[in-house]
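Here's a quick tour of a few spots in this protein model. Have a look at the picture, then work through the points below.

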Amino acid sequence: MAGGIRVRFAPSPTGHLHIGGARTALFNWLFALHNRGRFILRIEDTDTTRSTDEYIEAIIQGMTWLGLDWDEGPFRQTDRFDIYRGYVDRLITEGKAYYCYCSSEELEARRQEAMALGRPVMYDGRCRGLKEPVAGVTPVVRFRMPQDGHTIVHDLIHGVVEFDNAHLDDLIILRSDKTPTYNFTVVVDDVDMRITHVIRGDDHLNNTPKQIQMYRALGYEIPKFSHLPMILGADKTRLSKRHGATSVMAYKEMGYLPDALINYLVRLGWSYGDQEIFTRDELVRHFSFESVGKAAAVFNPEKLLWLNSQYIMKSSPETLAEQVVPFLVNEAILAEGDIVDKGWLAKAVKTLQERSKTLVELASSLRYYFADPAAYDEKARTKFLNDKGLQLLAELRSSLNELHDYTHDGIEKIFSAIVERHGIKLGAIAQPVRVALTGGTVSPGIFEVIEIIGKETTIRRIDKAIAAGPE
RNA sequence: GGUCCCAUCGUCUAGCGGUCUAGGACGUGGCCCUCUCAAGGCUAAAACACGGGUUCGAUUCCCGUUGGGACCGCCA
């Protein structure tokens with residue numbers, strides 16, 4: 001019966017796909033794949049004033065970039081209003097829902113008052129027994145909650161959670177503009193789409209007993225629930241823009257790899273022994289709610305960055321070369337439409353992989369493979385492009401010029417000869433060359449750099465350094 | 001304020017009564033490697049919130065306290 005599992009990710013398009021939503025989507029996706037079930041994408045856009053098509057597009061983009069592919073959908077709740085109204089009518093007919101004529105202003109005032117008096121903040125049910133409509137008022141429809149007894153939520157992560165029905169209030173299921181509200185549509189859709197497991201953030205745990213009552217009123221089977229712990233910012237409050245980038249696509253722009261983000265997100269709440277790095281297959285194979293924790297997790301950008309560096313290190317140079325191109329354009333190292341020799345780029349990328357934590361960093365480090373240094377780092381220049389350094393550079397230049405075996409090994413031999421002849425350390429010549437070629441004191445191994453830059457360019461840059469003279 | 005959830009190093013976590021002088025990872029410090037920077041290796045500092053029980057024995061089970069979070073909307 002494993003094939004019967006159906007889960008869904010149900011974001012509301014009132015913003016971009018954010019870190020928390022992505023983690024929820026990821027756990028749904030993993031659970032579906034692990035159980036050979038179906039993963040459904042449903043857009044909860046019943047709040048027509050805040051939902052936009054742009055955000056729907058943004059969410060889809062985020063999911064796509066992360067590789068969280070869905071089997072059905074995206075469905076939009078705004079396409080299903082007729083369905084919800086049918087269910088509302090049915091509940092009214094059966095006396096399980098009723099019209100409420102209280103205005104939102106009145107309601108708000110009562111809420112304030114209750115809050116101030118320290119009384120429970122909930123609807124008092126004053127329209128429950130109304131027989132006649134109130135003239136001139138378009139009513140909302142409220143769901144009639146049971147007032148005694150208990151509702152038990154069986155949660156795959158939290159176990160048994162019990163709620164006293166006295167604390168459940170008659171929530172609005174149909175607004176005065178005849179649009180349905182979340183707590184109702186979510187139930188109708190989960191039933192309609194035959195969702196077997198509701199996996200969402202634990203900020204929904206308190207809504208669950210209300211939803212369970214609606215399943216019952218509708219006469220439907222109750223799905224299994226899994227309420228995932230929240231992701232918090234460094235100050236332990238709910239993750240938000242104040243904590244930095246929260247949109248998934250912002251991480252793409254900052255040069256993160258989707259696999260790295262996925263790996264980071266999955267470890268926020270889930271673990272598998274001491275393992276930190278997982279392939280997607282491993283994730284799918286090992287995922288289980290038994291190893292999902294209950295405590296909220298603080299989002300730690302440093303660890304994400306480390307993971308990203310690990311993924312960059314493990315990527316193939318060819319793939320990375322492909323991925324870095326847009327970032328080279330951003331850095332103005334390449335122009336849009338420039339043709340690059342991908343084989344050559346891959347070689348250059350290879351030297352920088354273990355030195356770059358993001359694609360942005362990689363692109364920026366790649367600069368000196370493309371262009372002569374615009375200037376020399378001042379400190380580097382005084383330290384290494386002095387008389388002695390320049391003299392060694394001149395010697396190196398002529399050896400290099402006559403070198404036929406222009407490879408890493410051939411280049412190394414030349415350096416060895418110079419080092420031996422002068423009885424100096426390799427650094428004494430390597431650093432001046434590094435400054436001449438890259439403009440600074442930091443780069444991959446100098447033989448590799450010289451090889452990749454090529455003889456002509458190398459000699460030109462050495463000549464430029466010599467021409468610039470000692471500072 | 002009410003309801004619900006949660007609680008191991010700064011952070012993510014392992015631990016599912018004895019194996020814990022509490023393990024791993026990020027970050028931080030030191031050392032090694034070394035043409036610079038990284039990467040890598042080794043190493044150090046760093047936690048079971050507190051108080052009661054239960055038990056021969058609690059980080060692990062129960063209760064309370066404290067602390068944190070979420071929800072309480074004609075938002076989702």
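In this predicted model, helices α16 and α20 touch through a set of side-by-side residues: Leu390, Leu393, Ala394, Leu396, Arg397, Leu400 and Asn401 in α16 meet Lys455, Thr458, Ile459, Ile462, Asp463, Ala465 and Ile466 in α20. Sort the residues of this contact by type and you get nine nonpolar, two polar and three charged.

**How the two helices pack**
- To describe a pair of packed helices, you give the angle between their axes and the distance between the axes.
- Here, the axes of α16 (residues 387-401) and α20 (residues 455-468) come within 10 Å and cross at roughly 155°.
- Angles over 145 degrees count as roughly antiparallel, so that's the label for α16 and α20.
- The crossing of α16 past α20 is left-handed.

**A three-stranded sheet**
- Strands β4, β5 and β8 make an open sheet, in the order β4-β5-β8, with antiparallel pairing.
- β4 (97-100) and β8 (172-174) sit at the edges with a single partner strand each, so each has one side without a neighbour in the sheet.
- Going from one strand to the next, the twist averages 45°.
- Zoom in on β4 and β5 (residues 140-143), and you'll find four bridges joining this antiparallel pair.
- Cys100, for example, has Val140 in β5 as its bridge partner.

**Helix α4**
- α4 covers residues 104-117, which is 14 residues.
- From first C-alpha to last, α4 reaches 20 Å, close to the 20 Å expected at 1.5 Å a residue.
- Following α4 comes Gly118, with a positive phi near 75°.

Technical notes. Residues are numbered from 1 along each chain as its sequence is written. Chains are lettered from A and ligands numbered from 1 in the order in which they are written. This is a predicted model: local features need pLDDT of at least 70, side-chain atom pairs count only at pLDDT 80 or more; totals for chains, interfaces and linings use all residues. Side-chain values use heavy atoms; hydrogens and water are left out. Helices (H or I, at least four residues) and strands (E, at least two) are DSSP runs, numbered from the N terminus. The expected span of a helix is 1.5 Å times one less than its number of residues. Axes are lines fitted to C-alpha atoms, for helices over the stretch in contact, and angles run from 0 to 180 degrees between N-to-C directions. Angles under 35 degrees count as roughly parallel, over 145 as roughly antiparallel, 65 to 115 as roughly perpendicular and the rest as oblique. A crossing is left-handed if the near helix is turned anticlockwise from the far one by less than a right angle, and right-handed if clockwise. Contact means heavy atoms within 4.5 Å. Ala, Val, Leu, Ile, Met, Phe, Trp, Tyr, Cys and Pro count as nonpolar, Asp, Glu, Lys and Arg as charged, and the others, Gly among them, as polar. Two strands pair if DSSP finds at least two bridges between them.
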